[in-house]
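Me: Could you take a close look at one part of this model for me, and walk me through how it connects to what surrounds it? I'd like the cut-offs spelled out as you go.

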Number of protein chains: 2
Amino acid sequence: MTSTERSPVRPTRQRRAVATALAGFDDFRSAQEIHDLISRQGDSVGLATVYRTLSALADAGEVDMLRNEDGEAIWRSCSDTHHHHLVCRTCGATVEVEGPAVERWTGSIAAEHGYADISHTLEIFGTCPACR
Amino acid sequence: MTSTERSPVRPTRQRRAVATALAGFDDFRSAQEIHDLISRQGDSVGLATVYRTLSALADAGEVDMLRNEDGEAIWRSCSDTHHHHLVCRTCGATVEVEGPAVERWTGSIAAEHGYADISHTLEIFGTCPACR
DNA sequence: GACAAGTTGACAATGGTTCTCAAGGACGGT
DNA sequence: ACCGTCCTTGAGAACCATTGTCAACTTGTC
């Protein structure tokens, strides 16, 4: 929590492989799918390491993680600004969207009820033009 | 999907027990917690049945199901209008909120990108007045 | 080169959720 | 009340995504 803590992140073959895989798609994929992708691209990285790396990247804000309807974690690399997603429920195609109005709305709703330290999740699902 | 399909839902002791338990709290609880509540209120209902009943109620729109950070399903009974939740991340106290503006916003964002058949999830987390 | 500390991988362990299937209960007709 | 049919249930096994374990291995530094 404090800025005193430093855990030097080492650039390993495995982390590079995960990063490469992440760069190869722009929809949300499960950890297992990403693991498969890595294998298919010729690298070999343990599943546990994939999980560890994805979690670390998520903590660092470099990937987004959300849950599909089954509660499975799905991931994709993302921009560094606060945003939400418009996801195709058929093919997974994702658009990052921003909504200042929504941010303001959640803040005021929370304040109105006396809630502090607010965060929120907002995802939009639909069928993309290509899948109709 | 069509109105031809009818699956008569029978009023059993078990379903009544789940309904009673649901009426006894107004925050989100896991299936297991609800199962425990039922035991504590003197009834005995199998865990699988609790899951089945909760899912059925969720499909019928009588309870809300969402996922906590660990991906666990959590449930609570809800009003029958479309709404979202403001949830205390410490004690779970929940407020149902409505936001016509947000509904409109998601709709237009989706349309803008050509997505059809839209649905969305929006939950707000914070610390309630009592937990600060 | 050698050391300390971060990393990894194979595999076991966890734990929520679903499946299986025989036994039990509800309901309409008689 | 009795039947037959079909929905329900419960106990436990099965699933399966995710996390923990721990010895072997890298990396960066001195």
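Reply: Let's start with a pairing: Val87(A) has Phe125(A), in strand 6 of chain A, as its bridge partner. Before going further, a bit of bookkeeping. This is a predicted model, where local features need pLDDT of at least 70 and side-chain atom pairs need pLDDT 80 or more, while totals for chains, interfaces and linings use all residues. Residues count from 1 along each chain as its sequence is written, chains are lettered from A and ligands numbered from 1 in the order written, and side-chain values use heavy atoms, with hydrogens and water left out.

Val87(A) belongs to strand 4, residues 84-88 of chain A. Helices (H or I, at least four residues) and strands (E, at least two) are DSSP runs numbered from the N terminus. Strand 4 of chain A runs parallel to strand 6 of chain A, with four bridges joining them; strands count as paired if DSSP finds at least two bridges between them. Strand 4 of chain A also pairs with strand 5 (residues 94-97) of chain A, this time antiparallel, again over four bridges. There, His84(A) sits opposite Val97(A). Strands 4 and 5 of chain A make a hairpin with five residues between them, and Gly92(A) in the turn has a positive phi of about 85°.

So how enclosed is strand 4 of chain A? Five of its five residues are buried, so the rest of the structure largely encloses it. (Buried is under 20% relative accessible area, exposed is over 50%, partly exposed is in between, with a 1.4 Å probe and protein chains only.) His84(A), Leu86(A) and Cys88(A) point one way, with His85(A) and Val87(A) pointing the other.

UniProt, in an unreviewed entry, puts a "binding site" at His82(A), Glu103(A) and His120(A). They span 39 residues of sequence yet cluster in space, with a largest C-alpha distance of 10.9 Å. UniProt positions follow the numbering used here, feature names are shortened, and annotations may be inferred rather than shown by experiment.

Glu103(A) comes from helix 4 (residues 100-112) of chain A and is partly exposed at 24% relative accessible area. Beyond four places in sequence, Glu103(A) contacts (heavy atoms within 4.5 Å) His82(A), His84(A) and His120(A).

His120(A), from strand 6 (residues 116-127) of chain A, counts as buried at 15%. The His120(A) side chain makes a polar contact of 3.4 Å with that of His82(A). Among the residues His120(A) touches are His84(A), Thr106(A) and, across in the other chain, Glu123(B) and Ile124(B).

That brings in the interface. Each side gives 38 residues to the contact, 38 from chain A and 38 from chain B. There are two salt bridges between the chains (a side-chain nitrogen of Lys or Arg within 4 Å of a carboxyl oxygen of Asp or Glu). One salt bridge links Arg89(B) and Asp117(A), at 3.5 Å from N to O.

Key:
Polar contact = N/O pair within 3.5 Å; in protein donor to acceptor, adjacent residues only side chain to side chain.
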